[in-house]
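Hi everyone, thanks for making time today. I'd like to walk you through one structure, going from a single pair of side chains out to the whole chain. Here it is on the screen.

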Amino acid sequence: MDRQVEIRLAERAKREVSVWRGMMEGNSGETGTPCSFPFREIITYYRSAGRMAADPSLVASLRELPAAASGRDPVLPGWLRMAVDQEDGDYATYFGAELYERHGGGPKDAVIAALVADLVFLEAQVLCSDAGDGRQLTRTKAAVQALAGLRDLAPDHGPRGGPIDAVDLSALLSGNLDDAKFGELAGSAAAVVSAAVPAATRHVVDITLLPTTPMHDEQMFLRIIQVFEILYAHLAQDLTRATALLDQGDIDATCAVLAKADGRLRATRTLFRVLTTMPSEAFSVIRDNTDGRSAIQSRSHRRVELLSAPPPATTAPPSREPAPAEAAGPTLQEAFLRREPLLSGPEAHRLTAALRALDGSWTTAKRTHWGITLKIIGSVPGTGGTSGADYLEAKSQVPLFPFLHSATA
């Protein structure tokens, strides 16, 4: 982007923040004052400059917003922690963990639908403006495939026959369209899915696209990360529910929950396919701007592991990997071992098969992550104090349910 345009965007953002602050302070004793925070102006500037290169005076003005003023909008405090994390940010502030945990605005599957739809819309926009770019067409088609698999990624979003099912993406993917037309139709399909998502969810999704660089590649990367984080949070819920159902002796319901969780994990192959379109040189720039914001800090990913089986006693996490988010309680593996003596042969077989399927899909996803990392960054050190691809390779060998891999299983 032209430097002068970037400067004008920064000045506009600073002016709008100043106006908003003045109006809020002038109406400090009133409630319901119609004064919306200028998210759009700030976000437009941040995406043009990158969060890490944002105008210091704008960042300072955001840091100085009075708590009483920011508290008037329930979403604003968490968003501000994202916007001003240049010096002390971590993985949670990078992707907006607080906003998704507290203000998702609806079921997690609605959030996933909104994120995937926005991913497609972003890629379709670029394709329409850069028609003829083979790499961009490949990425946009991969994103559309992720949208086509939304019923597996987000099976609880909307009734059967709703917006997800009404969009015929198979015809779009199999058609012989020029780039501009493909981008136009892909964007329209994404808009249909997005329109069916609650407005509060769309708002959170929109304001949490705050890349650290002005690179479009990072916008894609950030959206994929956010989808995975919501997916992990959903898997943690599934594991908690499956454990409770198994303790109650409801084998049918337990297997149904596990099957749905397995379907979500298997559907992530489309997300990984989008990630493979990331050029290594682009990821190198992103890594340089996201030091300390490594995915190994993911609390939702760690919670999935803690709810599955007790951690190995000798595990020593890297320096930046977080401690367990909270006491996870009984694990699904422990619940199975408690219930196993009471199961009939067919029940034990069905339940074991469901656990093996989920375990296999989890391991496959981790191995895919390792393979993509090796392809893009090679053997260089990771951003989280790890050995990079070597660390992911080691993690990919750790099963979700270790007892399934014992000699007696």
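Let's start with Arg 223, which forms a salt bridge with Asp 118, the closest N and O atoms being 2.9 Å apart. By salt bridge I mean a side-chain nitrogen of Lys or Arg within 4 Å of a carboxyl oxygen of Asp or Glu. Arg 223 sits in helix α15 and Asp 118 in helix α8, so this pair ties together parts that are 105 residues apart in sequence. Both Arg 223 and Asp 118 are buried, where buried means under 20% relative accessible area, exposed means over 50%, and partly exposed is in between, with a 1.4 Å probe and protein chains only. There is also a network: Asp 109, Asp 156, Asp 238, Lys 260 and Arg 264 are joined by salt bridges that share partners.

Before going further, a word on what you are looking at. This is a predicted model, in which local features need pLDDT of at least 70 and side-chain atom pairs count only at pLDDT 80 or more, while totals for chains, interfaces and linings use all residues. Residues are numbered from 1 along each chain as its sequence is written, and side-chain values use heavy atoms, with hydrogens and water left out.

How confident is the predictor? The pLDDT, its confidence in each residue from 0 to 100, averages 87 over the chain, and 84% of the residues score at least 70. Over residues 383–387 the pLDDT is below 50, although this stretch has 21 contacts in the model beyond near neighbours in sequence. Contact here means heavy atoms within 4.5 Å. Where pLDDT is low, the predicted coordinates should not be read in detail.

Now the overall picture. The chain has 22 helices and 0 strands; these are DSSP runs numbered from the N terminus, with helices being H or I of at least four residues and strands being E of at least two. Of the 409 residues in the chain, 52% are buried. Taking contacts between residues at least 6 apart in sequence, 77% join residues at least 24 apart.

Back to salt bridges, then. How many does a search of the whole structure find? The total is 21. In one of them, the side chains of Arg 81 and Glu 98 meet at 2.6 Å, N to O. Arg 81 belongs to helix α5 and Glu 98 to helix α7, so the pair links parts 17 residues apart in sequence. Glu 98 also meets Arg 102 in a salt bridge, at 3.6 Å, N to O. Arg 102 and Glu 98 both lie in α7, 4 residues apart, about one turn of the helix. An α-helix has 3.6 residues a turn, so residues three or four places apart point the same way. As for accessibility, Arg 81 is partly exposed at 43%, Glu 98 is partly exposed at 21%, and Arg 102 is exposed at 62%.

Next, a helix pair. The axes of α2 (residues 39–49) and α14 (residues 199–207) come within 11 Å and cross at roughly 35°. Those axes are lines fitted to C-alpha atoms, for helices over the stretch in contact, and angles run from 0 to 180 degrees between N-to-C directions. On the α2 side the contact uses Phe 39, Arg 40, Ile 43 and Arg 47, and on the α14 side His 203, Asp 206 and Ile 207. Helix α2 is mostly covered, with 9 of its 11 residues buried. Its buried residues pack against α1 (3–26), α3 (56–63), α5, α14 and α15. After α2 comes Gly 50, whose phi is positive, near 95°. In α14, the buried residues are Thr 201, Val 204, Val 205 and Ile 207.

To finish, two buried spots. Thr 254, in helix α16 (residues 251–267), is buried with a relative accessible area of 0%. A polar atom of the Thr 254 side chain lies 3.3 Å from the backbone nitrogen of Leu 246. Ala 146, in helix α9 (residues 134–148), is also buried, with a relative accessible area of 0%. Leaving aside neighbours within four places in sequence, Ala 146 is in contact with Val 116, Leu 153, Thr 270 and Leu 271.

How values were computed
pLDDT = per-residue confidence, 0-100. Polar contact = N/O pair within 3.5 Å; in protein donor to acceptor, adjacent residues only side chain to side chain.
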